[in-house]
Amino acid sequence: MASIGQITLPRAPWLQKSLLRRPIRTPIRFNGRIASVLTNAGSVKASVSQKVIEEEAKVLVGTYARAPVVLSSGKGCKLMDAEGKEYLDCASGIAVNALGHGDPDWLQAVTDQAALLAHVSNVYYTIPQIELAKRLVASSFADRVFFCNSGTEANEAAIKFSRKFQRFTHPEDKEVATSFIAFTNSFHGRTLGALALTSKEQYRTPFEPIMPGVTFLEYGNTQAATDLIRLGKIAAVFVEPIQGEGGVYSATKEFLQSLRSACDAAGSLLVFDEVQCGLGRTGNLWAYEAFGVTPDIMTVAKPLAGGLPIGAVLVTEKVAETIKYGDHGSTFAGNPLVCSAAIAVFDKVSKPSFLASVSSKGLYFKDLLVKKLGGNLHVKEVRGKGLIIGVELDVPAGPLVDACRDSGLLILTAGKGNVVRIVPPLIISEEEIERAVEIIFHNLTALD
């Protein structure tokens, strides 16, 4: 048993399934709303989940509108809550758990490295950091890597690198390019710099003034982007080849090629944010490969260490040579523990056979969704590439997401709240895909 204060969590709750009686819904107040959790019928004691939720409200800052589920264990694409209910995970920690939960090779890498050395800071060299960087460079357009702890931090570093590049390459100019272009439906993070590049006003307004100099253009509007870049005031263009949080929208090859050409002509940098769509999620190792367009900087994070916090900024030599000692840094970034985990993930995900399986399973998933959901009046479009899939609705997606969760399927919303986002572990099986689609199909009535 593991305890949190007075809350006792069973280590293997599914072993107690036979002890559970028929579940009933018990209403509780959570973040000012009425939610419900499963308790045992006739039980005198409140459920473990209810206790956890009540304790969370007392001690944590209320930044999350959490689903009323307390997850306690997982294996593969399955998760268990504190009462032993099983869920099929098609959220994967928001596209993080690429190898699912408890992958044996990942677990071995983490435990072996933890027994040797976990953290020493970047004052010293460590072998796992260099080995991971070598893999990232060898597999991409990049010549060098900067490690950090998240996608937001990666984009913050990319902002700084872009401005330093402009000042370094124009040392005689009194005014150098310091502005940025980002696009509608973009999401680049929640720190002040990355937030300034994120299009949703409700994310930015409470914290203004934030970093100035960002212009938002329509995603895919080649002419508007080209015209603005030509003015010579843009330090860098930030773009997601496939937008995740924004609603699972994909750029076109022509759009990205036009950005590349315009940036080259004006001396601006092209930054691809592959925090969510990179590292195998689309069926390519890197999303940019499908478009035949390479950036100057690429940010990656979510799946890289399989659940441990890591981010990375991949850059060309022309960018790297402008960054000097002290220009940027991080205490925790690239420590031996997280890099060993990332090596285990990378070595699996980067195999051609693994990537081919992601592509085929993604097509299968999309085809099943179109077949089963296409006749529903609320379903406007099923889109995506590989295992990043969006189902656009003409109504809010929240009720469907909630109903699926109650039926044992975890999925997410995206866009303006009207898109169901499906980003399962990349190891999901066809049988699990079929089960996920069936659960979504049977819960479509929640939209009426």
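Mentor: At 14% relative accessibility, N335 counts as buried. Keep in mind as we go that this is a predicted model.

Trainee: Why is N335 called buried?

Mentor: Buried means under 20% relative accessible area. N335 comes out at 14%, so it counts as buried.

Trainee: Where is N335 found?

Mentor: In the loop between α10 (317–320) and α11 (336–349). Leaving out residues up to four places away in sequence, N335 touches A118 and H119.

Trainee: And what does the side chain of N335 reach?

Mentor: The backbone nitrogen of L337, at 3.0 Å. A polar atom of the N335 side chain also lies 2.9 Å from the backbone nitrogen of V338. For a polar contact, the N or O atoms have to be within 3.5 Å.

Trainee: What is the phi of N185?

Mentor: Positive, about 65°, although N185 is not a glycine. S121 is not a glycine either, and its phi is positive at about 80°. S121 sits in the loop between α3 (104–116) and α4 (127–138).

Trainee: On to α8. Which residues in helix α8 are buried?

Mentor: In α8, residues 222–229, the buried ones are A225, T226, L228 and I229.

Trainee: How do you know which side of α8 they are on?

Mentor: They cover an arc of only 170° around the axis, and that puts them on the same side of α8. As background, an α-helix has 3.6 residues a turn, so residues three or four places apart point the same way.

Trainee: What do the buried residues of α8 pack against?

Mentor: Against β9 (179–183), β10 (214–217), β11 (234–239) and α9 (253–266).

Trainee: What makes N221 a cap for the N-terminal end of α8?

Mentor: A side-chain oxygen of N221 lies 3.4 Å from the backbone nitrogen of Q223. The cut-off for a polar contact is 3.5 Å.

Trainee: Next, the strands. How do you know that β5 and β6 pair?

Mentor: Two strands pair if there are at least two bridges between them. β5 (residues 71–75) and β6 (residues 78–81) have 4 bridges, in the antiparallel sense. K75 stands opposite K78 in β6. There are 2 residues between the strands of this hairpin, and G76 takes a positive phi near 65°.

Trainee: How many bridges does β6 have with β7?

Mentor: It's 3, again antiparallel, with β7 covering residues 86–89. The bridge partner of K78 in β7 is L88. This hairpin has 4 residues between its strands, and G84 in the turn has a positive phi of about 95°.

Trainee: What kind of peptide bond joins E208 and P209?

Mentor: A cis one, with omega about 5°. P209 has its place in the loop between α7 (201–204) and β10.

Trainee: Last stop, the second largest pocket. What lines it?

Mentor: It has 28 lining residues, with Q129, R144, V145, F146 and Y325 nearest its centre. About 1,100 Å³ of space lies in this pocket.

Trainee: Which element gives the most to that lining?

Mentor: α4, with 5 residues. At least two residues each come from α4, β8 (144–148) and β16 (311–315).

Technical notes
Residues are numbered from 1 along each chain as its sequence is written. This is a predicted model: local features need pLDDT of at least 70, side-chain atom pairs count only at pLDDT 80 or more; totals for chains, interfaces and linings use all residues. Side-chain values use heavy atoms; hydrogens and water are left out. Buried means under 20% relative accessible area, exposed over 50%, partly exposed in between (1.4 Å probe, protein chains only). A polar contact is a pair of N or O atoms within 3.5 Å; within protein, one must be able to donate a hydrogen and the other to accept it, and residues adjacent in sequence count only if both atoms are side-chain atoms. Contact means heavy atoms within 4.5 Å. The arc is that of the directions from the helix axis to the C-beta atoms. On a 1 Å grid over the protein atoms alone, a cavity is a set of points where a 1.4 Å probe fits but cannot get out, and a pocket is an open set with protein on both sides within 12 Å along at least five of seven lines; lining residues have an atom within 4 Å of a point. Grid points are joined across faces, edges and corners, and a volume is the space filled by probe spheres set on the points.
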